[in-house]
Protein chains: 2
Amino acid sequence: MGGHLLDREAVLAANTAFYQAHEEGDAITMQSLWMHDDDRVVCTHPGWPTLRGWPAVWASWHQLLTLANRPQFIITSEQVDIGDTLAWVSCDENLLGSGDGATVAAINIFAREGGSWRMIAHHGSTVIR
Amino acid sequence: MGGHLLDREAVLAANTAFYQAHEEGDAITMQSLWMHDDDRVVCTHPGWPTLRGWPAVWASWHQLLTLANRPQFIITSEQVDIGDTLAWVSCDENLLGSGDGATVAAINIFAREGGSWRMIAHHGSTVIR
C-alpha cells in the first residue's frame, strides 16, 4: 500500500514534469521522461495522426519544443490509475498563450522501467464543444 | 507467457467487440464491455470534453448508440500493450458512413476485473491534417 502511494506520486510527478518540459522547451528532460522503444511508444498531438515508435515521436517533440510560442499549461482534473507495470493519467490541459487559449483533453500512459515510470503514450485532443 | 498471449487475445477481442457494438447500436453489449466505476472510467469522444465516471460515460453512449447514422469502422494499426492489471490498445478508426469518412486516432484502456478485461478509458480524436 505504501508502494502504491509512492507509485501514484511518482506517476503524477512524471505527468507534471512532462508539461513543465513542454512549457520550458526542455528537450533533455522531455527525452528522459519517455521510454525509448519502437514497439510500445505512441503519441497523438491534437488533430495529428498517431505517431508510432520513439524516432517518430521524438521528431515531433523536437519540432514542438523549438517553437517560439509554446503554450503555458494549467493542468486540472488529474485522475491517476496505477497497475503493477502500467499506469495512466487523465487530465485537462488548459492552455494559456497567444490567442484565446484552449482546453485539450489528454490521456498519458506510463510504464514501469526499472525504478522509474516512463511515458509510453500521450494523446491530446482539443475540446471544441 | 501462455497467459500473456491469452490476455493479448482477450484485450484485442474486447477492442473489436467495442467497435462492433458501436456499429450495431448494441447497448447491452456496450454496457457489458465497460467497467461500471465512478472513479476510474473516462471517455473522450472526438472534440468532446472528457466525461468522467460511468454514469456520464454511459449517458453519452446511450445517446450515440441510438443515432440513426452510426459509422461503420475499419480498425487498423492495432497495437496492444499488456500489463498485469491494465492493458491498452492504440488504433486508427477508419470511419465509413455518410459524408467523406474520417480517420479517428484512438486509445482504449482496459482493466482486469475477475477473469475479464473491461474498458476503463476511450479517447478518440479526429485526424485533421
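1. A polar contact here is a pair of N or O atoms within 3.5 Å; within protein, one must be able to donate a hydrogen and the other to accept it, and residues adjacent in sequence count only if both atoms are side-chain atoms. With that in hand, look at A:Thr66: a polar atom of its side chain lies 3.1 Å from the backbone oxygen of A:His62, and one lies 2.9 Å from the backbone oxygen of A:Gln63.

2. A word on the basis: this is a predicted model, where local features need pLDDT of at least 70, side-chain atom pairs count only at pLDDT 80 or more, and totals for chains, interfaces and linings use all residues. Residues are numbered from 1 along each chain as its sequence is written, chains are lettered from A in the order in which they are written, and side-chain values use heavy atoms, with hydrogens and water left out.

3. A:Thr66 sits in the loop between helix H3 (54–65) and strand S3 (72–82) of chain A; helices (H or I, at least four residues) and strands (E, at least two) are DSSP runs, numbered from the N terminus. A:Thr66 is exposed, at 58% relative accessible area (exposed is over 50%, buried under 20%, partly exposed in between; 1.4 Å probe, protein chains only).

4. Now to chain B, where B:Ser125 belongs to strand S6 (residues 116–126). B:Ser125 is buried, with 2% relative accessibility. Its side chain makes a polar contact of 2.8 Å with the side chain of A:His123. Leaving aside neighbours within four places in sequence, the residues in contact with B:Ser125 include A:Thr44, A:Ser125 and B:Pro46 (contact means heavy atoms within 4.5 Å).
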